[in-house]
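Please work through the following exercises on side-chain contacts. Each task is followed by a worked solution.

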Amino acid sequence: MATSAQSKIQLNQDDPETLKTWIKNQALALGFSDCVIAKPDAQAELPRFKEYLKRGYHGDMKFLEENLDKRADPTLLIPGTKSIICVRMDYLVETPKPRYVPFEPNAAIIARYARGRDYHKTMRGRLKTLSQQIKEKVGEFESRPFADSAPVFEKSLAENAGMGWTGKHTLLIHKKSGSFFVLGELFTSLDLPFDSPTEKHCGSCTACIDICPTKAIVEPYMLDARKCIAYLTIEYKGIIPEELRRGIGNRVFGCDDCQLICPWNSFAKKTSIEDFHPRHGLDQVSLLDLWQWDEATFLTCTEGSPIRRTGYQSFMRNIAIGLGNAEYSAEIIAALSQNRAMHDEIVQVHIDWAIAEQQAKA
């Protein structure tokens, strides 16, 4: 990174601690819920991650096997990085209630982070704004924003800088804000003082492990994605193992159960960001309503939404499972039978299973 830019930073940076405080205040003013300064070093995360990969817990997410050196050393990803500004955005729009049972009402459950606009764009946009504000304060410097968009151990970086601790469900938990938030990073060439880690506060609690519908949390701090409903309904594109389908219940995109049961989420904060508010009624839509969507409707109703990631056919696969898990209904059987020809072979496998499940309940 340019020496002239670094010199200008030093000339304008009278007190690094004061500048850090100023940056954090700017971040909060932009709508970020928290801001910490991390050292560009995630080497400590590598042994656990390698064990995760060795066990095959990442399933079909082969991209996780790549760029391990850059994940552990952010300066290899963006040369010249001296500090990383880590931020979080809370995404709850209302205080969490106990999740719906799979059949009363016949609701389709979409993970709370995915009911509004895709947060990746919101996160990167505000990080770019933060970078520009800092440049107006101290002069030119190199920066690069990330929001789950590169080989970055973002959770580890944030944890090492005190944004929270990793819970037994493998998600980051903040003592005063719970875990309903998403992370972003701004890699910078700034010389900023680093923040320190906080203490862990899970203690002997195993609520998240006990509640997991598919027993995906195989041990504290170790998740088998191949059993995780979030992975199965979002990342995985194949035939979902039959032994896991009943556990999926009516969750058609992601799963919040391990968060909803966590005692620390009694302190979860509501978001101030409009983009996280539900669109197209996705917080109260029924399985049968979604089953009527054709691909054009799916594309229209998921424009700018994280739900686009799963694709139309996989989304319908998930809905078919939900309908199979619902209470018996002749209307459900009729709907599954009528729409069968619209879908690919993978979806049809799940339609046949859902019809058989419904008929067994009759």
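The exercises below concern a predicted model and treat cysteines, aromatic pairs and charges over rings.

**Exercise 1.** Determine how many disulfides the model contains.

*Solution.* The cut-off is a sulfur–sulfur distance within 2.5 Å. For cysteine 208, the nearest cysteine sulfur belongs to cysteine 258, at 6.3 Å. For cysteine 255, the nearest is again that of cysteine 258, at 6.5 Å. Neither cysteine 208 nor cysteine 255 is therefore in a disulfide under the 2.5 Å limit. The count for the model is 0 disulfides.

**Exercise 2.** Classify the aromatic pair of tyrosine 91 and phenylalanine 180, and locate its two residues in the chain.

*Solution.* The ring centres are 5.9 Å apart and the planes make an angle of 85°. Because angles over 60 degrees count as edge-to-face, the pair receives that label. Tyrosine 91 lies in the loop between β2 and β3, and phenylalanine 180 in the loop between β6 and β7, 89 residues apart. The relative accessible area is 5% for tyrosine 91 and 1% for phenylalanine 180; both values fall under 20%, so the two residues count as buried. Tyr91 and Phe180 also belong to a cluster with Tyr113, Tyr119, Phe253 and Phe276.

**Exercise 3.** Identify which charged residue sits over the ring of tyrosine 221.

*Solution.* The charged end of lysine 200 lies 5.9 Å from that ring's centre. Arginine 48 is placed over the face of tyrosine 52, 5.9 Å from the ring centre.

How values were computed
Residues are numbered from 1 along each chain as its sequence is written. This is a predicted model: local features need pLDDT of at least 70, side-chain atom pairs count only at pLDDT 80 or more; totals for chains, interfaces and linings use all residues. Side-chain values use heavy atoms; hydrogens and water are left out. Rings of Phe, Tyr and Trp (its six-membered ring) pair if their centres lie within 6.5 Å; planes under 30 degrees apart count as stacked, over 60 as edge-to-face and the rest as tilted. Helices (H or I, at least four residues) and strands (E, at least two) are DSSP runs, numbered from the N terminus. Buried means under 20% relative accessible area, exposed over 50%, partly exposed in between (1.4 Å probe, protein chains only). A charge sits over a ring if NZ of Lys or CZ of Arg is within 6 Å of the ring centre and within 35 degrees of the ring normal.
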